[in-house]
Amino acid sequence: MKTPSKTTRTLTQLTALVFCGSLTATTMAMDVSPFKPGDTLTAEQASELLKRYKDRLVQPWTVPDKADINKEPNAESIRYGIQVLNQTNDTIGPKVANPNLRYSGNSLNCTSCHISGPQGLPGTMPYGIPFVNVMNDYPNFRKRSMSIGSPEDRVEGCMTRSQGAGKPLPKDSKEMKGIIDYFTWLAKGTHPNQAMQYTGLPNIDFPSRAADPKTGKNLYAEHCIACHQANGLGLKAASYDKDGNYTFPPLTGPDSFNNGAGMSRLMTATKFIYANMPLGATHKSPVLSVEEAYDIAGYIESLPRSEHPGRDKDFPNPKFRPKDYPVPAYFNGDQAALEKAKYGPFTSGK
């Protein structure tokens, strides 16, 4: 085991105070020294931080007992954060009564992607894009901006991409504070600056071919249509006309994520579908094969969705661009390269 540097030890000790209530939630957990949130990095600096992030120790998966929230001095704020994440559309959606709270730009809930676990806590399903280790993973280097991002930055990115044309939550808002307080509570008792099992999405070997949206559409009809309905438009709740709610979320159109969201990328969608879909599937007991998930993802990504403004400014350094982000401006008229970014095949198996 490597002996941590003095800087790393100091940051780890400082971060431990977060979970004892001695410092604010924005104290560094991930060691990004000598940088701070908002700093823009060179390619060399970014590569070093990515390696540092990858080389962290990995701690076991852990989720606190929901009943323990009542013991926290900020329990009310934590519970409000859970409400925002579980009932996003009802709390900050485009049809809520208070126009000042209309931050979200569509009808999705955060738990449409960050799946709730057995206790009903948002973002606590293994490989369901969980929140359980967020406060140990941030601040970190964000390829999309070539800068250091904070947990709050992550939330704001979701609000303007996964939540359609939403508005960033003010960092001092009750809503942002509740979400960050919840993330901090989730990390209670964990080891700062360590990774965690089952976070993010699973590594899979992608087929050495392009995804086939036509095959995917047939597989979608077999496995997905009962919940997400024909053409991916979702199952509207009986109260939809009043509040915009869905029983099962749409995968296309203005009520779904836009083309700047992580889920708009084929590799991300494939991993998510494989580990979590259809309803009841888990990474330990998948229903679909990787190839089936890949083709279903190809079909979903072929469906129309809202445009994210300024998407061509994402990932300004080509070295750090994901292979599956089909932005026309990246390819200078090379239609074949653009098509490959949308449907593959991808040269790496991971």
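**Second largest pocket**

I began with the residue classes in the lining of the second largest pocket of this predicted model. I recorded 22 nonpolar and 11 polar residues there, with one charged residue.

I next looked up the extent of this lining and found 34 residues. Those nearest the centre of the second largest pocket are T111, S112, H228, P249 and M277. For the volume of the second largest pocket I noted about 760 Å³.

I then asked which elements each supply at least two residues of this lining. My list reads α9 (225–228), β6 (246–248), α11 and α12 (290–302). I marked α11 as the source of the largest share, four residues.

**Largest pocket**

I found its lining to be made of 50 residues. Nearest the centre of the largest pocket I noted Y53, R142, K143, G200 and R265.

For the elements that give two or more residues to the lining of the largest pocket, I recorded the helices α2 (43–54), α5 (134–137), α6 (151–160) and α11 (266–276), together with the strands β2 (140–142) and β4 (195–196). I noted that α2 gives the most, with four residues.

**Element found in both entries**

I went back to α11, which gives two or more residues to the lining of the largest pocket and also supplies four residues to that of the second largest pocket.

Terms used: Residues are numbered from 1 along each chain as its sequence is written. This is a predicted model: local features need pLDDT of at least 70, side-chain atom pairs count only at pLDDT 80 or more; totals for chains, interfaces and linings use all residues. Side-chain values use heavy atoms; hydrogens and water are left out. On a 1 Å grid over the protein atoms alone, a cavity is a set of points where a 1.4 Å probe fits but cannot get out, and a pocket is an open set with protein on both sides within 12 Å along at least five of seven lines; lining residues have an atom within 4 Å of a point. Grid points are joined across faces, edges and corners, and a volume is the space filled by probe spheres set on the points. Ala, Val, Leu, Ile, Met, Phe, Trp, Tyr, Cys and Pro count as nonpolar, Asp, Glu, Lys and Arg as charged, and the others, Gly among them, as polar.
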